[in-house]
Amino acid sequence: MPKCKVLAVVLAGGEGKRLMPLTVDRAKPAVPFAGEYRLVDFALSNVVNSGYRQVVVLTQYKSHSLDRHISETWRMSTHLGNYVASVPAQQRLGKQWFLGSANAIFQSLNLIHDANPDYVLVVGADHVYRMDFSAMLDAHIEAGVSVSVAAVRQPLNLANQFGVIQLNEDDPQKIAGFIEKPETTAGLEDDPSMFLASMGNYIFTKDALIEALTADNKKENTAHDMGGDIIPEFVSRNDCAVYDFSKNPVPGEQPTGVRYWRDVGSLDSYYDAHMDLLAPVPAFDLYNKEWPIFTRQNASPPAKLVRGKDGTPGTAHDSLLSAGVVVSGGTVEHSVLSGDATVLSGAKVTESVILGNAHIGADAVVHRAILDKNTVVPAGARIGVDHDLDRARGFLVTDSGLTVLSKGQTVPVDAQVPEEAV
């Protein structure tokens, strides 16, 4: 294939209501993940590993943490015309913020005009996966359409969370129907328990994208949404191809038969994605050096497991420990600990996600919990053991039984329970 000029647009303005309280103080793409990363790092790493080095990140909701992360992390040589630029809503076309994902790009058309690419790659910023977009571009050019949509199989019960793709029976490369988040949908012919979901990743021929966004902006009966409005318009003209994510080749990935992709839009899926990392052969391997996930490198010291004051060794099993973590006489099992977290003597952390600089005091217990950064669990306290007590202390408990503490939250000392109550 001839070399083409591509501008990548990362949609990172998501509010992330279903991830509350982790999104009380930050945009969804800025939520920490897997100890070292932010969610946006996965999209950006896929883009730059694919060879596309002109990237704009459209931000809006509580974007300070996200903007700071991008500016401090994603720096590339300007001598070669490379950049990753964070672009907030600028009200270029009137006194209004972004009205939807399509409107976000429409209000930022100056970026496309300035870059003057042949193709525009549009990706979401809150999914965990690896993907070579250059292979998708090759397929898009071969299909000869205006837009291609990346697709992944998902369980039927999740149909109301995704754009549902229906293929053309006469030409399976083409999309015959696209419905955004229907209540129900039919299963696939070869697997009735699954349906074909849009990943929220698109490749557009530049002129076709500009024309579609301009037309959408003039309409009144539109949500200005990429999946809800723009893609169905191309589908109605038989001008939209599907790209099968399961066939996407990524260097260094082991052929498992199932490609990993997870939408971490809810607390349960966020938690489950962390647990996926902890198997001896994980469903998603962070250690693929041929397709690295890039992030900010902090100046924290190495993690360490040391004896506590009483001589009890610090231990960790089936867990990820980030730089700066100190387990001093405590026990960590099947958990993910972000940078500079501490677990003191006799404390036990099991099946949990602990974000940066959290403190677990001596003899405390944390079980099936998500603790945001700077949380403090005092000595002897119990988190995730008694859900009624957790709710009484103002903590969120999900329907699946996860206890979630928000950023900087401190467990009241007088809420401790005796050992025999555990």
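Predicted model: local features only at pLDDT ≥ 70, side-chain atom pairs only at ≥ 80, totals over all residues.
Biologist: In what order do the five strands of the open sheet lie?
Modeller: The pairing in this sheet is parallel. Strand 14 (304-306) and strand 26 (376-377) are the edge strands, each pairing on one side only. The order is 14-17-20-23-26.

Biologist: Which residue of strand 17 is the bridge partner of Val 306?
Modeller: Strand 14 and strand 17 (residues 326-328) run parallel and are joined by three bridges. In strand 17, the partner of Val 306 is Ser 328.

Biologist: Which element gives the most residues to the largest nonpolar core?
Modeller: That core has 41 residues, and Leu 44 and Val 47 are among those that touch the most other members. Elements giving two or more residues include strand 1 (6-11), helix 1 (40-49) and helix 5 (133-143). With five residues, the element that gives the most is helix 1.

Biologist: Leaving aside neighbours within four places in sequence, which residues is Val 47 in contact with?
Modeller: Nonpolar side chains tend to be buried together in soluble globular proteins. Leaving aside neighbours within four places in sequence, the contacts of Val 47 are Ala 8, Tyr 52, Val 55, Leu 121, Val 123 and Phe 133.

Biologist: At the start of helix 7, which backbone nitrogen does a side-chain oxygen of Asp 225 reach?
Modeller: Helix 7 covers residues 226-236, and its buried residues include Met 226 and Gly 227. The side-chain oxygen of Asp 225 comes to within 3.1 Å of the backbone nitrogen of Gly 227.

Notes:
Residues numbered from 1 in each chain as written. Heavy atoms only, no water. Core = buried A, V, L, I, M, F, W, Y, C linked by side-chain atoms within 4.5 Å. Buried < 20%, exposed > 50% of the residue type's maximum accessible area, 1.4 Å probe, protein only. Helix = DSSP H or I, 4+ residues; strand = E, 2+ residues; numbered from the N terminus. Contact = heavy atoms within 4.5 Å. Polar contact = N/O pair within 3.5 Å; in protein donor to acceptor, adjacent residues only side chain to side chain. Pairing = 2+ DSSP bridges.
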